[in-house]
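Please read them alongside the coordinates.

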Amino acid sequence: MGAGAQHHPDKVERIVYCAARIGLGDHSAFASNGGARGDGHRGVSTIYRILIRPFRDWSRVLSISQYGDYQFDIYFDGMEGRMPKYPVDFTSLERTAAEVLPWWVHSYVAGGCGDEGTQRANVDAFSRHGIVPRMLNGALERDLSVSLFDMTLPTPLFMCPIGVIGLCSQDFHGDIQIAQASAETAVPMMASTLTQDRIEDVVPHAGDTPGLFQLDTPDDKDLAESFVHRAERAGYRGIVVTLDTWTTGRRPRDLNAGNFPQLRGYVLENYFTDEAFLNRLAKPPAEDLKEAALEWIKIWGNSLHWDDLSWLRSLTTLPILLKGIQHPEDVRRAKDYGVDVIYCSNHGGRQANGGLPALDTLPHVVEAPEGMPVLFDSGVRSGADVAKALALGATAVGVGRPYAYALAVGGSDGVVSQLRALLAELDLLMAIDGFPTIAGLRAAGAQRV
Ligand code: FNR
């Protein structure tokens with residue numbers, strides 16, 4: 001069930017409650033919030049006219065999830081004197097997360113490669129594109145669903161793999177909290193190879209929402225095979241092979257602080273619970289953590305060649321997604337090797353500096369795949385950004401740092417709130433701009449400013 005749908009019963013109750021209050025002429029809640037101070041009646045009737053009256057015939061809006069309704073939840077809470085627990089916009093979220101995260105986790109999440117120019121360019125690129133609205137299009141109800149291989153997803157959002165997400169929650173079980181948020185919002189997660197909890201212990205928390213496994217292909221074939229088979233057995237629905245992290249990008253923020261959490265043994269649980277890795281050690285990690293972490297860095301990255309794709313393809317019948325593709329020729333070659341999905345991304349500018357913004361590579365990548373779906377991430381900070389990536393041809397769009405910060409600020413609950421805020425903005429944009437479906441938005445495209 002989609003996020004919007006889960007809010008309806010509560011919303012309806014509150015509509016009835018608020019309407020009853022207005023009927024009784026009780027304006028105290030507004031006055032105490034300052035919203036209608038000194039002019040209570042006019043404020044109330046305006047709120048009633050704008051917010052409540054359209055929903056009195058609420059049977060109409062129950063027929064389909066309306067993600068945009070999330071903002072009414074917030075406004076209704078405000079009418080009852082309750083302020084939102086978490087920021088809904090990225091700038092406030094980022095600022096709040098910086099206050100609560102341990103410095104070394106914040107540095108690792110916020111930092112990028114070199115002077116972080118590509119990281120900034122990823123974000124700025126969105127402001128160079130715009131969507132031209134279409135009027136009188138009957139977008140009263142929106143359908144945000146998309147198809148991805150054998151799955152129909154209620155929304156086009158997914159959570160990108162983030163290796164240290166386990167450390168972004170206060171209990172250091174962020175992977176599980178993300179899975180819980182995924183279950184609640186129906187937004188799929190991609191579990192990284194670098195998790196605090198074993199991938200087998202994470203995915204059950206996602207409930208009915210499909211999860212994908214992201215593979216950092218180790219330079220040890222037995223271990224790589226073991227990871228793929230473990231993911232398959234645990235119920236993950238696809239293998240995301242990341243191509244641009246066989247070595248770590250040069251990140252001055254972390255270099256200046258000597259900060260690399262993995263070398264202190266963090267987020268290596270999948271390795272430390274795998275026979276293929278343990279066979280390489282003289283002593284178990286619990287007895288010699290330093291030695292285990294050093295062994296990990298030796299085999300972490302495998303700079304794959306095209307022919308390695310045949311080997312990876314032979315390991316599993318699950319769909320294979322290639323993450324980090326930005327050139328159309330690479331898309332065409334991937335198709336020849338039986339790859340199922342292209343994932344256009346520059347890793348949020350964390351790996352190589354000096355590249356194009358990922359969004360600028362998307363239209364070229366989308367032209368090439370002859371029917372293959374194209375996922376996209378890098379620089380997505382708002383629902384409008386999601387809409388622009390869809391309009392430029394993405395099948396589904398990945399949220400990265402925003403959900404890491406939301407996890408830091410509010411745990412699983414914070415992530416649910418942030419995902420709903422993004423979906424609400426996307427849904428309202430589609431409503432106001434006259435696009436009832438993602439296909440319509442994609443067909444309209446985005447124009448370069
Ligand atoms: C990442 N990303 C990433 N990607 C991946 O394939 N495996 C991983 O383990 C990680 N780990 C990781 C850690 C941190 C802290 C960040 C911020 C990102 C990259 C991620 O999947 C995605 O490509 C970027 O986050 C997109 O950029 P923005 O939108 O977050 O800036």
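1. Basis. The model is predicted: local features need pLDDT of at least 70 and side-chain atom pairs count only at pLDDT 80 or more, while totals for chains, interfaces and linings use all residues. Residue numbers start from 1 along each chain as its sequence is written.

2. Whole chain. The protein chain has 20 helices and 12 strands. Helices (H or I, at least four residues) and strands (E, at least two) are DSSP runs, numbered from the N terminus. Of the 449 residues in the protein chain, 47% are buried. A residue is buried if 20 or more other C-beta atoms lie within 10 Å of its own, exposed if 12 or fewer, and partly exposed in between, with C-beta atoms placed from the backbone. Contacts mean C-beta atoms, placed from the backbone, within 7 Å. Among contacts between residues at least 6 apart in sequence, 73% join residues at least 24 apart.

3. Sheet order. An open sheet of eight strands runs E4-E11-E10-E9-E8-E7-E6-E5, with parallel pairing. Its edge strands are E4 (157–159) and E5 (190–191), each of which pairs on one side only. Two strands pair if DSSP finds at least two bridges between them. Strands of a sheet pair through backbone hydrogen bonds, either parallel or antiparallel.

4. E6 to E7. Strand E6 (residues 212–215) pairs with strand E7 (residues 239–242) in the parallel sense over three bridges. Phe 213 stands opposite Ile 239 in E7, and Leu 215 stands opposite Val 241 in E7. In a regular strand the side chains alternate between the two faces of the sheet. In E7, Ile 239 and Val 241 point one way and Val 240 and Thr 242 the other way, and all are buried.

5. E7 to E8. Four bridges join E7 to E8, and the two run parallel. Val 241 faces Leu 322 in E8 across this pairing. Strand E8 (residues 320–325) is mostly covered, with six of its six residues buried.

6. E8 to E9. Four bridges also join E8 to strand E9 (residues 341–344), again running parallel. Leu 322 has Ile 342 as its bridge partner in E9, and Ile 325 has Cys 344. Both faces of E9 are covered: Val 341 and Tyr 343 on one side, and Ile 342 and Cys 344 on the other, are all buried.

7. H5 against H19. Helix H5 (residues 90–100) packs on helix H19 (residues 401–433) at an angle of about 105°, with their axes 7 Å apart. Axes are lines fitted to C-alpha atoms, for helices over the stretch in contact, and angles run from 0 to 180 degrees between N-to-C directions. H5 and H19 are therefore roughly perpendicular to each other, a class that covers 65 to 115 degrees. From H5, the residues Phe 90, Leu 93, Glu 94, Thr 96, Ala 97 and Val 100 meet Pro 402, Tyr 405, Ala 406, Ala 408, Val 409 and Gln 418 in H19. By class, this contact of H5 with H19 has nine nonpolar, two polar and one charged residues. Here Ala, Val, Leu, Ile, Met, Phe, Trp, Tyr, Cys and Pro count as nonpolar, Asp, Glu, Lys and Arg as charged, and the others, Gly among them, as polar.

8. H4. In helix H4 (residues 70–79) the buried residues are Tyr 70, Phe 76 and Met 79. Just after H4, Gly 81 takes a positive phi of about 85°.

9. Ala 224. Not counting residues up to four places away in sequence, Ala 224 touches Thr 217 and Pro 218. Its C-alpha atom is separated by 10.0 Å from that of Trp 300, 76 residues apart along the chain.

10. Trp 306. This residue lies in the loop between helix H14 (289–299) and helix H15 (308–315). Trp 306 counts as exposed because it has 11 C-beta neighbours inside 10 Å. Trp 306 touches Arg 333 and Tyr 337, not counting residues up to four places away in sequence. Trp 306 and Asp 330 are 24 residues apart in sequence and 9.6 Å apart in space, C-alpha to C-alpha.

11. Ligand shell. The ligand is surrounded by 23 residues, and the closest are Cys 160, Gly 163, Thr 242, Gly 348 and Gly 400. A residue belongs here if its C-beta atom, placed from the backbone, lies within 6 Å of the molecule. The shell around the ligand divides into eight nonpolar, 11 polar and four charged residues.

How values were computed. Angles under 35 degrees count as roughly parallel, over 145 as roughly antiparallel, 65 to 115 as roughly perpendicular and the rest as oblique. Two residues are in contact if their C-beta atoms, placed from the backbone, lie within 7 Å.
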